[in-house]
Amino acid sequence: MVIHDSKDIGNPNTHGTGCALSSAIAANLAKGYDLHSSIGLAKEYLTSALEAMLDLGKGSGPMNHGFYLQGKYVQQRE
């Protein structure tokens, strides 16, 4: 398996990222993607959710799981 470098997003709101990553991998496997593709797609999802920079309250909050409801993802669906 090839491991790719990632950029540092600098978002302190990372609560739940491990669960989100494993769930996204499992969901992609259930959709019929192979393991390598499932991991890549899950990583793209996680990176995009962190880049959305949701900031709720104090401390380390959750990432923005609803990022795909905005911006380029909405435009792609229309």
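Me: In which order do the elements of the protein chain run from the N terminus on?
Reply: This is a predicted model, in which local features need pLDDT of at least 70 and side-chain atom pairs count only at pLDDT 80 or more, while totals for chains, interfaces and linings use all residues. Residues are numbered from 1 along each chain as its sequence is written, and side-chain values use heavy atoms, with hydrogens and water left out. Taking helices (H or I, at least four residues) and strands (E, at least two) as DSSP runs numbered from the N terminus, the protein chain has three helices and zero strands. From the N terminus on, the order is α-α-α.

Me: What percentage of the residues in the protein chain is buried?
Reply: A residue counts as buried under 20% relative accessible area, as exposed over 50%, and as partly exposed in between (1.4 Å probe, protein chains only). Of the 78 residues in the protein chain, the buried share is 23%.

Me: Which residues does leucine 46 contact, apart from its neighbours within four places in sequence?
Reply: With the neighbours within four places set aside, its contacts are Thr17, Ala20, Leu21 and Met63.

Me: Which helix gives the most to the lining of the second largest pocket?
Reply: A pocket is an open set of points on a 1 Å grid over the protein atoms alone where a 1.4 Å probe fits, with protein on both sides within 12 Å along at least five of seven lines, and its lining residues have an atom within 4 Å of a point. The second largest pocket holds about 190 Å³ of space and is lined by eleven residues, of which Ala24, Asn28, Lys31, Leu41 and Tyr45 lie nearest its centre. Both α1 (17–30) and α2 (35–51) supply at least two residues of that lining. The most, four residues, comes from α2.

Me: Is asparagine 28 buried or exposed?
Reply: Asparagine 28 has its place in helix α1, and beyond its neighbours within four places in sequence it is in contact with Tyr33, Ser38, Leu41 and Ala42. Because its relative accessible area is 9%, asparagine 28 counts as buried.

Me: How far apart in space are the C-alpha atoms of isoleucine 39 and leucine 29?
Reply: Isoleucine 39 belongs to helix α2 and is partly exposed, with a relative accessible area of 27%. Although ten residues separate isoleucine 39 from leucine 29 in sequence, their C-alpha to C-alpha distance is 8.9 Å.

Me: What distance separates the C-alpha atoms of alanine 26 and serine 38?
Reply: Alanine 26 is part of helix α1 and, at 44% relative accessibility, counts as partly exposed. Serine 38 lies twelve residues from alanine 26 along the chain, and their C-alpha atoms are separated by 7.6 Å.

Me: How far apart in space are lysine 7 and threonine 47, C-alpha to C-alpha?
Reply: Lysine 7 sits in the segment before α1 and is exposed, with a relative accessible area of 59%. Lysine 7 and threonine 47 are 40 residues apart in sequence, and in space their C-alpha to C-alpha distance is 9.1 Å.

Key: Grid points are joined across faces, edges and corners, and a volume is the space filled by probe spheres set on the points. Contact means heavy atoms within 4.5 Å.
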